[in-house]
Amino acid sequence: MHKVLINFDPIIIYSFGFCMAMGILSAFILMVWLGKRNGYTAEFLSNFVLFLMISAFIGARFAYVCEHWTSEFKSNPLEMFNVVRGGIMYYGGMLGAWLGGSIYLLIKKYSVVDVLDLTVTVLPLGHAWGRVGCFLNGCCFGKITDCAIGVKFPYHSNVWWSQYSQGLISKIDKVSLPVMPSQLIESVLNLLICVVLVVLYRRRNRIVGLQMGLYSIMYSVVRFYTETLRSDERMSVGPFSISQAISIGLMIFGISMVTYSIIRNKRAQ
């Protein structure tokens, strides 16, 4: 864990913020490169991405505050505006970006499905950077493990406090017990999703809408799995975490989208 990347007082660059910036930049560069073949200009995509960022951030922060209201914000509501240290929920951001982006595209009279196909193709790259930021920030941590890839977090980190509150470690312990690097595992899986989607997007006979469906299916599986590795406090829906419940809904949407896109493409031939 390394929350602060650069500290030249009063200039402080947090690792989470840096990774978010790198994720946005790398995803945008890939988006421009892929979008050229479909006639999307860098100017249009830059305006679209800016709108997406605003919508996604509002949705991500709102969802995180709702999920962690009792544990983090009830006693100090103004803390919800302290975003430099992290604290966003991916699914909230995705929903916010989907709603905001769709409205923007409808106003500008672009094909919503086609542009969102491009968006979800590069999205996993930015998300992979975001999960590295989570790892450096010490949030979204995994369960205690004795496997070789287990990592120990430092004194007074989120992991350390969680284990201390459960009586698993004492005040004299300078590091936590080893936990699964759930953040890095999800980061790697997101990169694999990105590779698959980029290859499919560059095919000449690409089916419009298929990218959205495939992304929804692949990421819902990844997220459902990585949620089983985590031990940080999260809202639950019956036997599932809130993210697992959303993953099930996303899986249903993905399967429906793939089926609809293939049938529509066959009818158009």
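Colleague: Is I6 buried, partly exposed or exposed?
Modeller: This is a predicted model in which local features need pLDDT of at least 70 and side-chain atom pairs count only at pLDDT 80 or more, while totals for chains, interfaces and linings use all residues. Residues are numbered from 1 along each chain as its sequence is written, and side-chain values use heavy atoms, with hydrogens and water left out. Buried means under 20% relative accessible area and exposed over 50%, with partly exposed in between (1.4 Å probe, protein chains only). Because its relative accessibility is 30%, I6 counts as partly exposed.

Colleague: In which strand is I6 found?
Modeller: Strands (E, at least two residues) and helices (H or I, at least four) are DSSP runs, numbered from the N terminus. On that numbering, the strand that holds I6 is β1.

Colleague: Which residue forms a salt bridge with R206?
Modeller: A salt bridge is a side-chain nitrogen of Lys or Arg within 4 Å of a carboxyl oxygen of Asp or Glu. R206, in the loop between α7 and α8, has its partner in helix α5, 89 residues apart, and both residues are buried. With the closest N and O atoms 3.3 Å apart, the partner is D117.

Colleague: Which residues are linked with R223 in a network of salt bridges?
Modeller: R223 and E227, four residues apart in helix α8, meet through their side chains in a salt bridge of 3.1 Å, N to O. R230 forms another with D232, where the closest N and O atoms are 2.7 Å apart. The residues that the network links with R223 are therefore E227, R230 and D232.
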